[in-house]
Amino acid sequence: MKFPSFSSTSLLGWPGLCALLVLFLDHLTKYLVCLAWPEPGAGEAVVIPGLFRLVHWRNTGAAWGLFHDRSWLLGLFSLAVALAMLLLWRRLVEKNPFYAIPYGVLLGGVLGNMVDRLFFPQGVVDFLRFEFWPAFNVADSAICCSIAFLLGYELFFARRKGKGKEAEDTPPKA
């Protein structure tokens with residue numbers, strides 16, 4: 001029995017699977033946190049004393065509380081970003097197919113927080129808390145990590161590849 005090959009760039013391949021995995025893990029972890037501590041701020045688990053703990057906090061804004069009590073607006077923005085990514089998927093990955101997986105992870109993160117913002121008026125569930133950083137969740141991590149990866153790749157590797165290609169395409173000077 002031969003299984004169909006999974007595309008590395010199609011949204012119906014590995015990138016889509018990554019998006020669904022991030023979305024699933026994000027909501028599974030949020031569900032478990034709400035199960036453990038139904039009331040936000042009512043409990044916590046210290047994982048590394050003085051450094052890291054699990055909490056149940058709600059954020060009705062964006063990062064660091066920006067746009068506080070504007071969940072619906074941020075939800076609509078997330079919806080617009082997700083739709084733009086879906087509609088422009090081929091353009092996003094045609095320049096460099098290597099971007100497909102990070103874009104899939106990014107899409108999963110955007111969808112994870114979008115669902116909370118549009119369907120749960122109490123706000124996005126944040127539960128990972130380093131003492132020196134605001135609480136965050138799996139979707140936030142996926143968004144930050146994929147953007148950091150894309151920026152890092154673009155800044156440090158894509159330009160080097162481009163410079164080498166330009167040197168090859170430039171005719172030698174006589």
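This section describes the strand pairing and the nonpolar cores of a predicted model.

The strands form an open sheet with the order E1-E2-E3, in which the pairing is antiparallel. Strand E1, residues 44–48, and strand E3, residues 124–130, lie at the edges, and each of them pairs on one side only. From one strand to the next, the twist averages 35°. Strand E2 spans residues 52–59 and is joined to E3 by 6 bridges in the antiparallel sense. Within this part of the sheet, Trp-57 has Asp-126 of E3 as its bridge partner.

In soluble globular proteins, nonpolar side chains tend to be buried together. In the present model, the largest nonpolar core comprises 14 residues. The residues with the most contacts inside this core are Met-85, Trp-89, Val-93, Tyr-99, Tyr-103, Leu-106 and Leu-107. Two or more residues each are contributed by helix H2 (71–87), helix H3 (89–94), helix H4 (100–119) and helix H5 (138–169). Helix H4 supplies the largest share, with 5 residues.

When neighbours within four places in sequence are set aside, Leu-107 is in contact with Leu-11, Ala-19, Ala-82, Met-85 and Leu-86. Of these partners, Met-85 is also listed among the residues with the most contacts inside the largest core.

Note on methods. Residues are numbered from 1 along each chain as its sequence is written. This is a predicted model: local features need pLDDT of at least 70, side-chain atom pairs count only at pLDDT 80 or more; totals for chains, interfaces and linings use all residues. Side-chain values use heavy atoms; hydrogens and water are left out. Two strands pair if DSSP finds at least two bridges between them. Helices (H or I, at least four residues) and strands (E, at least two) are DSSP runs, numbered from the N terminus. Axes are lines fitted to C-alpha atoms, for helices over the stretch in contact, and angles run from 0 to 180 degrees between N-to-C directions. A nonpolar core is a set of buried Ala, Val, Leu, Ile, Met, Phe, Trp, Tyr and Cys residues joined through side-chain atoms within 4.5 Å. Buried means under 20% relative accessible area, exposed over 50%, partly exposed in between (1.4 Å probe, protein chains only). Contact means heavy atoms within 4.5 Å.
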